[in-house]
Amino acid sequence: MATWDELTEGTKAPRREHGPLTRTDFVRYQGASGDFNPIHHDEDFAKSAGYPSVFSVGMLQAGILGCYCTDWLGADNVRRFSVQFREQVWPGDHIVCEATVRRRYDEDGERRVDLELLVTRQESGGAAIKGEATFVVP
Amino acid sequence: MVDKSKLGLSDEPSTIPIERGKIREFARACQTANPAYVDDPAPVAPPTFLTTVNFWSTGATSPLAQLGIDLRRLLHGGQEYVFHGPPPRAGTELTFQTRVDKIYEKEGKRGGTMTFVETVTEFHDPTGRLVAEARSTAIETGQAPTKES
């Protein structure tokens with residue numbers, strides 16, 4: 001876990017790659033989360049909606065990103081985690097998670113950092129998620 | 001089509017027990033082996049874990065279910081969790097309630113008119129303390145977006 005002294009504005013977490021993401025990864029996440037929207041596992045349903053195939057659950061990428069952050073700064077320490085979904089993630093895609101310290105400050109007697117978060121699709125280079133988080137740093 | 005008369009609607013409060021096995025399953029689905037999630041006998045919930053309220057809300061009264069969104073045109077625009085202290089641990093029970101906070105429209109680049117629905121779910125512990133808040137943005141597109149959009 002990174003310590004307060006190691007965290008300054010601009011500090012980056014080690015990048016982490018996940019993938020290739022598979023239909024099995026999508027189904028496993030849907031089973032765990034209870035979101036059974038068929039567009040993420042039923043090929044016929046996805047095609048009937050005009051998509052070339054099923055695509056990943058945005059919350060899977062968000063979940064991977066959230067745990068990437070807590071692996072770095074501690075599971076107990078997250079106070080805010082916010083994501084916006086951009087490009088969809090498709091079967092076979094690799095994704096890369098990145099987190100950068102944007103602000104380091106004291107608030108309510110606690111040391112805190114605000115992070116800028118990014119998930120990119122390795123294949124397109126495009127952003128799948130842009131996000132922000134706040135952590136306390138004990 | 002989104003039924004805009006549902007703005008401000010709240011569902012009935014429900015209760016979610018935070019469970020060790022569910023946290024382990026969720027953490028593994030999120031591709032982490034962090035011992036704080038998978039080994040601790042009373043693990044803390046991962047940042048997006050409260051999405052599992054899906055299993056505990058009563059679907060018939062869920063405001064999102066009542067909005068009439070077409071799943072073929074539904075996109076998840078964004079999601080936010082705020083924790084007032086450490087995230088909840090296994091062994092705690094939280095009461096949650098969801099309300100439709102905002103409904104608005106934007107013109108999309110390729111998908112026609114997009115309707116945005118923001119819902120807010122508040123989670124309280126048995127003492128009545130506000131533990132966490134979740135804000136979800138759902139988007140109903142005018143038509144299915146292309147792969148490149």
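Chain B holds three helices and five strands (DSSP runs, H or I of at least four residues for helices and E of at least two for strands, numbered from the N terminus). This is a predicted model, in which local features need pLDDT of at least 70 and side-chain atom pairs count only at pLDDT 80 or more, while totals for chains, interfaces and linings use all residues. Residues are numbered from 1 along each chain as its sequence is written, and chains are lettered from A in the order in which they are written.

Let's start with the order: read from the N terminus, chain B goes β-α-α-α-β-β-β-β.

Now to the strand pairs (two strands pair if DSSP finds at least two bridges between them):

| Strand | Partner | Sense | Bridges |
|---|---|---|---|
| β3(B), residues 93-107 | β4(B), residues 113-124 | antiparallel | twelve bridges |
| β4(B) | β5(B), residues 130-140 | antiparallel | ten bridges |
| β2(A), residues 78-85 | β2(B) | antiparallel | five bridges |

T121(B) is a handy landmark in β4(B): T98(B) stands opposite T121(B), and T121(B) also stands opposite A134(B) in β5(B). Five residues lie between the strands in the hairpin of β4(B) and β5(B), where G128(B) has a positive phi near 95 degrees.

What does each chain bring to the contact between them? Chain B gives 32 residues and chain A gives 34 residues, with contact meaning C-beta atoms, placed from the backbone, within 7 Å. On the side of chain B, β2(B) gives the most, with eight residues. Within the pairing of the two β2 strands, E80(B) is the bridge partner of S82(A).

Technical notes. Two residues are in contact if their C-beta atoms, placed from the backbone, lie within 7 Å.
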